[in-house]
Amino acid sequence: MVAKRIPASKGMPRRQTLRSLSPVVDPIEQAALRHLARRDRTEAQMRAYLVRLGASSTHVRSVIKRLVEQGYLNDERYALRWASERLARCPMGRERLDAELIGQGLDRDTAERALEHAYGGRSERELALALLRQRRGARNPVGRSREATLLRRYGFTEESIEAVLGSGAS
């Protein structure tokens, strides 16, 4: 460790390390930054993490406020990225993706904007067909009732399911 000479003054040691001269770094904020370094988080996820660490509610609010101001926490950006990536990995209906976004701790308005962005011009019908094609590729064809159950499980509306299975796509 590098030492720096400091003029001796009353009550102060003659030599101090540079680390001791640096501004005091908040350990809760350090933990929050380490938590964000792994992946993006929502404000709700960060709040829950800091509370689990034992931080007071005022301390949690101030740390989250600083992280938002510095651009490290951004629920809107998180929702847009997460919804788009999730939909690209696995086609699903709006209801299920909306429930997943709300489960991530996002508010209803942010989730709705993310859904509009993620779905863009794609209809639920074409996403349902994509899911069925994806599932059929590895297995033998299944019956209509099992396909309908699959589509319901992935959050597609009854109208979309009827349109897809009624059109002879199965």
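1. Let's start with R94. In this predicted model, where local features need pLDDT of at least 70, side-chain atom pairs count only at pLDDT 80 or more, and totals for chains, interfaces and linings use all residues, R94 is partly exposed, with a relative accessible area of 26%. On this scale buried means under 20% relative accessible area, exposed means over 50%, and partly exposed is in between (1.4 Å probe, protein chains only). Residues are numbered from 1 along each chain as its sequence is written, and side-chain values use heavy atoms, with hydrogens and water left out.

2. What does the side chain of R94 meet in a salt bridge? The partner is E116, at 2.9 Å from N to O; a salt bridge here is a side-chain nitrogen of Lys or Arg within 4 Å of a carboxyl oxygen of Asp or Glu. R94 sits in helix α6 and E116 in helix α7, so this pair ties together parts that are 22 residues apart in sequence. E116 counts as partly exposed, at 47% relative accessibility. Helices are DSSP runs (H or I, at least four residues), numbered from the N terminus.

3. Now have a look at R86 and E100, whose side chains also form a salt bridge (2.7 Å, N to O). With R86 in helix α5 and E100 in helix α6, the pair ties together parts that are 14 residues apart in sequence. Both R86 and E100 are buried. As background, side chains of opposite charge can pair when their charged atoms come close.

4. The structure holds eleven salt bridges. Another one joins E158 to R152, with the closest N and O atoms 2.7 Å apart. E158 counts as partly exposed at 43% relative accessibility, and R152 counts as partly exposed at 43%. Elsewhere, salt bridges that share partners join D26, E29 and R66 into one network.

5. D75, Y78, A79, W82, A83, R86 and L87 are its buried residues. They cover an arc of only 135° around the axis, which puts them on the same side of α5; the arc is that of the directions from the helix axis to the C-beta atoms. These buried residues pack against α3 (43-53), α6 (94-103), α7 (108-119) and α8 (124-136), where contact means heavy atoms within 4.5 Å.

6. Which residues of α7 are buried? They are T110, A111, A114, L115, A118 and Y119. They cover an arc of only 145° around the axis, which puts them on the same side of α7. The face turned away from that buried side carries the exposed residues D109 and H117. The buried residues of α7 pack against α5, α6 and α8. After α7 comes G120, whose phi is positive, near 50°.

7. Finally, L151 lies in helix α9 (residues 144-153). At 0% relative accessibility, L151 counts as buried. Not counting residues up to four places away in sequence, L151 touches A128, L131, L132, F156 and I161. L132 is 19 residues from L151 along the chain, and their C-alpha atoms are separated by 8.1 Å.

Methods. Helix = DSSP H or I, 4+ residues; strand = E, 2+ residues; numbered from the N terminus.
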